[in-house]
Amino acid sequence: MSEYMVEVKNLCKYFPAGRKRTLKAVDNVSFYIRPGETLGLVGESGCGKTTCGRTLLKLYDQTSGQIFFKGQEISHLRGKQLLSFKKNAQMIFQDPYSALDPRMTIAEIIAEGMGVHMRYSEKEKHEKVNQLLSQVNLTEDYANRFVHELSGGQRQRIGIARALAVNPEFIVCDEPISALDVSIQAQIVNLLINLQQKNHLTYLFISHDLSMVRHISDRVGIMYLGSLAELGASQDIFGSALHPYTKALISAIPEADPDSEKARQRIPLEGEVPSPIDPPSGCKFRPRCAYATDRCAQEIPVLEEAVPGHFVACHYWRDLQK
């Protein structure tokens, strides 16, 4: 039995982009998630976070690399084995409105997975739906409503209930709060934390909101243009970041205290993220890095273990620490 719930080795997901060109959405990514842990995956829009999460759940077939779930490689699963994996691994989508069928009642949406993966009677389904609504802090009368009758926060709670309906062990949370009002975001994150503790869940939490990632994650991975720039324990990433990109992202987190906000030194990132169809040679972050040299243009930095459990892909991380 593996010590990891999920383990990814050299994962690549490429898409054809016409005229013999290739979009490298996920490029040689490796990480692991222990049972009961939350790994936060952070980066700018278009960096490959969502594609990575969808590939983990076999919504996309990987181009190369290996994905292990509880020690079993899932790349070639078919039939009943694939169905068993999909029961144990679910997803909460970014946009709760487009992810829910507007023609179905809330009860039908939540119970849909039960019909595929579980042999429940209609009475058992009804009881389970009511139980799940209670778990996400909604009353039983929501069961007969339709999606258009709900607010954004209520829809996302339904999306969470649907994911929990088949008793999964692993859930990919794909920016579950980005489409919600700020006042609702903290409620949803706290709900996810409570459900994780109650149901012994393992999360991959994808977001560009560093403050929320810091709140919910045990470990954090920083993605840039399809690759991991840094990976480590949450306190190490936010307390002693090693990669210039990570440092710049953390410097942009606003402070609640006005005096601290004034004193804060922000590290500006100049230029735009390069195209994943035509990435720069060597280090992908090189065109926007103030410390780039000729070596950065010629050599791709390897994700190396700087200190135990803390990995970074930068040629000069030691010099930057000094």
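Me: Is the crossing of H6 and H7 left-handed or right-handed?
Reply: In this predicted model, the axes of helix H6 (residues 152-164) and helix H7 (residues 182-199) come within 11 Å and cross at roughly 15 degrees. Angles under 35 degrees count as roughly parallel, which makes H6 roughly parallel to H7. The sense of the crossing of H6 and H7 is right-handed.

Me: How do the residues of the contact of H6 with H7 divide into nonpolar, polar and charged?
Reply: On the H6 side, the contact involves Gly153, Gln156, Arg157, Ile160 and Leu164. Their partners in H7 include Ile184, Gln187, Ile188 and Leu191. The division is seven nonpolar, four polar and one charged.

Me: Within what arc do the buried residues of H2 fall, seen down its axis?
Reply: Helix H2 (residues 79-88) has Leu82, Phe85 and Asn88 as its buried residues. They line one face of the helix, because seen down the axis of H2 they fall within an arc of 125 degrees.

Me: Which exposed residues does the face of H2 turned away from its buried side carry?
Reply: The buried residues of H2 pack against helix H1 (49-56) and strands E4 (64-69), E6 (89-92) and E7 (170-174). The face turned away from that buried side carries the exposed residues Gly79 and Lys80.

Me: Does cysteine 314 count as buried or exposed?
Reply: Cysteine 314 is in the loop between strand E12 (310-312) and helix H13 (317-321). Among the residues that cysteine 314 touches are His243, Pro301 and Leu320. Its relative accessibility is 11%, so cysteine 314 counts as buried.

Notes. Residues are numbered from 1 along each chain as its sequence is written. This is a predicted model: local features need pLDDT of at least 70, side-chain atom pairs count only at pLDDT 80 or more; totals for chains, interfaces and linings use all residues. Side-chain values use heavy atoms; hydrogens and water are left out. Axes are lines fitted to C-alpha atoms, for helices over the stretch in contact, and angles run from 0 to 180 degrees between N-to-C directions. Helices (H or I, at least four residues) and strands (E, at least two) are DSSP runs, numbered from the N terminus. Angles under 35 degrees count as roughly parallel, over 145 as roughly antiparallel, 65 to 115 as roughly perpendicular and the rest as oblique. A crossing is left-handed if the near helix is turned anticlockwise from the far one by less than a right angle, and right-handed if clockwise. Contact means heavy atoms within 4.5 Å. Ala, Val, Leu, Ile, Met, Phe, Trp, Tyr, Cys and Pro count as nonpolar, Asp, Glu, Lys and Arg as charged, and the others, Gly among them, as polar. Buried means under 20% relative accessible area, exposed over 50%, partly exposed in between (1.4 Å probe, protein chains only). The arc is that of the directions from the helix axis to the C-beta atoms. Lists of a residue's contacts leave out its neighbours within four places in sequence.
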